[in-house]
Amino acid sequence: MRVPMTEYLLIDLDTERWICRVCAHDFGDARGNYKEGTLVYDRDPQEIHPPVIAPEKYEFTFSPDPAFCRILEFYCPTCGTQIEAEYLPPGHPPTVDMLWDIDSLREKWNAHGGNPEEVVNYGPGENAEADLSARFDSVAPHAHSRQNEGH
Amino acid sequence: MTLTTDKFVPTSGNADASQLLTDQEQQWVDKFMDETTLFLGPDPAIMRTHEIMPRTAYEEECIAQGIDPLEVDRIRKRLAGALDEAFEMCESMGAAPGAKWADLSCAVYTAEGDVTYLSNRGVIAFSAVLHHPIRYIMKNWKDEPTVGINPGDGFFHNDSRYGMVHNTDQSMLVPVMRDGIIIAWVGATIHEGENGACEPGGMPSGSESPFDDGLRASPIKIVEKGHLRRDLLTFLQHSTRDPKLMLADIKVKMGATRRIMDTVDRLIDEVGQETFVASLRVTVEDVETEVRRRIAELPDGTVTFNQFVDSTLKENILIKFACKITVTGERMIIDLTGTGPEILNRALNSPLASTKSFMSQAVLSYWWPDLPRSTGALSPIEIITEEHTWADAGYDAPVGQSLQASFRGFSALQSAFAKMQFSSPQKYSNVVAPWFNQINDFLWGGTTQNGEQVGNLCADLNGMGGGAKAFRDGENAVAPLFCAMADLGEQEVMEEEVPFLQLVSKRLVRDNQGFGKFRGGMGYEMMVASRGTPSWGFMTVTSGSKFSSVPGMFGGYGCPTYPLAMVKNINIYDIIKKDPSQFNLSMERVMNEQPFAGGDYQSGHMGLQFDVAKEGELYMIAQGAGGGYGDVLERDPELVVTDLELDRISAHVATNIYGVVWEADTFVVHEEKTNLLRAQMRQDRISRGKPYKEFVAEFVQEEPPKDLLYYGSWGQDNNEELLATHWGKIEPERVKGKIKDLPLIMVPDRRVLKISKLEARVRELEQKYGEETVHKS
Ligand SMILES: [Zn+2]
């Protein structure tokens with residue numbers, strides 16, 4: 001059973017791995033920090049948020065100060081999807097942002113009985129309905145039965 | 001700081017029995033202490049808890065007579081109607097600018113002060129914090145012979161140390177009584193603004209002591225048996241810059257609470273006192289039960305979301321707001337350990353109750369907006385904080401701009417929830433990226449064209465950009481995080497009352513977006529200049545000029561940073577009178593082209609203490625954007641060129657951030673070239689990204705950069721160890737330790753620092769050129 005955990009990550013409850021929802025890249029132990037399986041880049045925030053008023057004239061320009069703020073971009077090593085962008089002071093350890101209790105997750109889904117990829121949505125409202133099946137399935141639909149596969 | 005003694009506790013083991021008090025003696029001591037309490041300050045037993053009260057014996061009795069859920073629902077709906085009516089009374093009659101745009105709320109409380117139901121519109125946090133003052137009144141004034149509580153009484157307070165979002169707000173709390181017993185409370189709270197603080201408008205960014213924060217009203221009985229007490233009213237009027245506002249809005253709140261009371265009286269006549277009391281109580285309890293059930297629906301685990309705030313509102317620093325939320329079954333623990341220490345001479349600190357009030361705001365507006373808005377919503381959630389951090393300020397810390405910390409309490413909960421609820425099959429709200437969380441706005445004060453003294457703020461703080469949702473862009477300038485249905489106000493109406501014009505208003509600033517697959521709602525710029533006033537000034541009170549105030553979600557980017565821009569020493573009205581073509585104003589053009597000769601063009605961070613604004617000097621800011629959602633390279637190219645065509649993004653952003661290729665004159669997307677460019681950009685990511693372990697080894701440092709004035713834990717492995725910058729001497733030094741071991745943290749006056757630097761330079765030059773000068777001190 002695969003549970004979509006974020007826009008780009010799912011947890012495979014059978015293998016207990018973090019998996020890229022786009023390309024099936026394996027980020028590691030689902031009981032651990034998915035970031036350990038990512039590629040990371042220390043982005044100068046001025047490259048993302050361009051100045052609106054001239055930086056050669058002014059200290060404050062709409063662009064973050066790189067001495068205060070960095071953007072850590074976390075990429076999937078296989079498909080290059082940016083799965084997280086974290087704003088941090090220079091040198092600050094990246095945040096371990098999610099740690100899940102896999103036994104409890106499994107228990108809850110077993111009790112629920114549904115297929116997470118079919119029943120998880122973006123919330124109430126018609127336009128929040130979503131197809132949260134893994135995208136690598138639609139690339140090769142014959143390859144997956146959407147059910148537990150014998151790994 | 002409640003000055004009472006602890007009961008005498010014998011020391012263990014070898015205590016001398018002759019030192020123990022008999023029961024009789026202990027009673028005498030207690031009685032003596034009760035009668036001679038020096039000062040009834042904010043009571044920690046009241047201020048540090050947010051749980052609902054246990055059922056009273058009377059509530060038990062009422063509930064024992066049986067509960068009919070349909071009748072409870074009917075009672076709630078009747079109350080909701082009355083509260084919405086009272087809300088509209090305040091909105092249409094209130095004198096405070098805030099009242100006119102929904103910056104208020106009305107509520108019904110149980111006898112012990114738990115919020116049972118809130119007006120559908122307005123600021124949830126306002127009413128959600130008022131269980132504190134009600135408990136204070138019940139504990140201290142009910143049986144106090146010089147005060148007492150009688151039908152028709154009304155209590156006023158504004159000081160957030162007694163339970164209020166911040167000191168600009170003023171409450172009216174009125175008991176519902178039957179046969180001498182208090183069976184409920186009704187209340188109205190309005191963001192009044194002016195409160196006599198060291199700067200006009202009630203939210204002083206320049207506050208350096210609690211006594212700079214303005215009016216310090218603990219709960220006082222301003223209305224006695226239906227009559228407004230003239231002596232106390234005069235005192236309150238005399239304590240602020242706007243006596244008319246004080247009088248008008250106390251009367252408005254009296255009227256609004258009277259209206260709620262009419263419905264309450266009729267309801268009690270119809271359903272009986274017991275049913276009424278029981279329905280208030282079970283609503284609070286039911287919400288608590290439902291919240292536990294909803295927590296249990298979330299996956300068990302821990303989500304951590306740290307925020308870094310870049311300003312004391314006087315100088316740029318970096319202070320952390322740490323937050324770790326753990327769900328285990330139906331338990332949820334919010335742990336703020338790691339949050340930076342309070343700064344004892346800066347305005348950014350927040351009392352714990354104010355921080356929690358914005359957690360209620362997040363829960364009731366962004367987690368579970370369908371719940372009856374009750375104290376029961378936050379009650380079952382455990383919250384861990386350390387007193388004397390900036391999110392849990394001590395009694396002696398200034399709190400004039402407590403929103404700096406308390407809004408972070410909101411953002412912590414809102415942002416973490418996207419991760420907590422994503423995998424949950426049952427959702428009560430949409431998955432959303434962080435809402436903008438600063439009140440980018442002008443506060444103002446001085447003498448109006450009508451000769452009145454005023455101090456208040458523009459409605460534009462209500463134009464916060466919404467966070468992107470998982471399936472659509474965030475809405476531009478849509479609503480403040482604290483009020484889903486607020487208004488930006490009618491500028492023309494305001495201009496009749498205040499002596500300044502918004503020369504530019506509500507024009508979206510290009511690239512002011514949280515980029516993403518779905519982008520955050522954009523913010524607009526505003527430009528003001530005073531006109532026709534003998535004395536006027538502006539202030540701004542926010543952070544986020546060096547470090548983005550909100551990040552994005554799931555790969556989306558956050559908002560940019562926001563400068564304050566000013567052109568002093570010009571009169572824009574003379575300039576455009578002479579040459580109307582100069583009425584082509586934007587922050588970008590004015591600051592970059594510097595078109596007005598003789599103007600002093602300045603940019604600064606968004607903490608501007610009251611600044612005298614001469615006629616026609618320009619002050620310019622922009623509203624903030626909400627966070628983006630998802631990977632920018634997944635954004636529909638059509639959405640990108642639409643924004644481009646509307647000049648909402650630059651070609652630079654369309655190409656370099658979004659990776660879109662288009663036909664310059666037609667804005668038609670080149671699908672194939674876009675795909676190629678995006679594929680290349682993904683490849684570039686893969687080649688420049690470093691494996692996590694390798695990256696961490698290079699990037700992570702033992703400590704913050706030496707010159708960064710940093711406050712809070714570093715990393716998350718040892719959150720109890722806080723770092724701070726301490727000026728024991730002239731040069732700052734970094735100190736480390738648990739909050740109780742840190743020295744008191746103060747920041748020196750930046751002008752003093754500048755002068756000492758300049759003096760050192762003078763000495764250096766004198767030495768260099770051999771000039772003999774005697775410096776007397
Ligand atoms: Zn991937």
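Domain bounds here come from an automatic or database domain assignment. For chain B I noted domain 1 (5–35), domain 2 (44–210 + 229–285) and domain 3 (439–630). The C-alpha centres of domain 1 of chain B and domain 3 of chain B are 61 Å apart.

**Ground rules.** I am working from a predicted model, in which local features need pLDDT of at least 70, side-chain atom pairs count only at pLDDT 80 or more, and totals for chains, interfaces and linings use all residues. Residues are numbered from 1 along each chain as its sequence is written, chains are lettered from A and ligands numbered from 1 in the order in which they are written, and side-chain values use heavy atoms, with hydrogens and water left out.

**Zinc site.** I looked up the donors, meaning N, O and S atoms within 2.8 Å of the metal (3.2 Å for Na, K and Ca); water is not among the atoms, so sites may look incomplete. The zinc ion is held by the SG atoms of C20(A), C23(A), C76(A) and C79(A), at 2.2 to 2.3 Å. Along the chain these donors follow the spacing C-x2-C-x52-C-x2-C. C20(A) sits in strand β3 (residues 17–20) of chain A and C79(A) in the loop between β6 (70–75) and β7 (82–88) of chain A, so this pair ties together parts that are 59 residues apart in sequence. For such elements I use DSSP runs numbered from the N terminus: helices (H or I, at least four residues) and strands (E, at least two).

I then checked the geometry. The four donor atoms subtend angles of 101 to 115 degrees around the zinc ion, which makes the arrangement tetrahedral; four donors count as such if all angles lie between 85 and 135 degrees. Ideal angles for four tetrahedral donors are 109.5 degrees. Both C20(A) and C79(A) are buried (under 20% relative accessible area; exposed is over 50% and partly exposed in between, with a 1.4 Å probe and protein chains only).

**Chain B against chain A.** I counted contacts, that is, heavy atoms within 4.5 Å. They involve 88 residues of chain B and 81 residues of chain A. The buried area (accessible area, 1.4 Å probe, that two parts lose on being put together, summed over both) is about 7,000 Å², with 61% from carbon and sulfur atoms. K546(B), Y692(B) and F699(B) lose the most area on the chain B side, together 11% of what that side buries.

There are nine salt bridges between the two chains, each a side-chain nitrogen of Lys or Arg within 4 Å of a carboxyl oxygen of Asp or Glu. One of the salt bridges joins E634(B) to R135(A), with the closest N and O atoms 2.5 Å apart.

I also looked up G689(B), in the loop between α18 (671–688) and β23 (690–691) of chain B. G689(B) is buried, with a relative accessible area of 10%. Leaving out residues up to four places away in sequence, G689(B) touches L39(A), V40(A), Y41(A) and Y75(A).

**Inside chain B.** T375(B) lies in the loop between α11 (352–367) and β13 (382–384) of chain B and is buried, at 6% relative accessible area. Its contacts, not counting residues up to four places away in sequence, include H50(B), D114(B) and H131(B). H131(B) is also among the buried residues of α7(B). In that helix (residues 131–141), ten of eleven residues are buried.

Most residues other than glycine have a negative phi. D179(B), not a glycine, has a positive phi of about 50 degrees. D179(B) is exposed, with a relative accessible area of 75%.

Definitions and conventions
Tetrahedral: all angles 85-135°; square planar, octahedral: opposite > 155°, others 65-115°.
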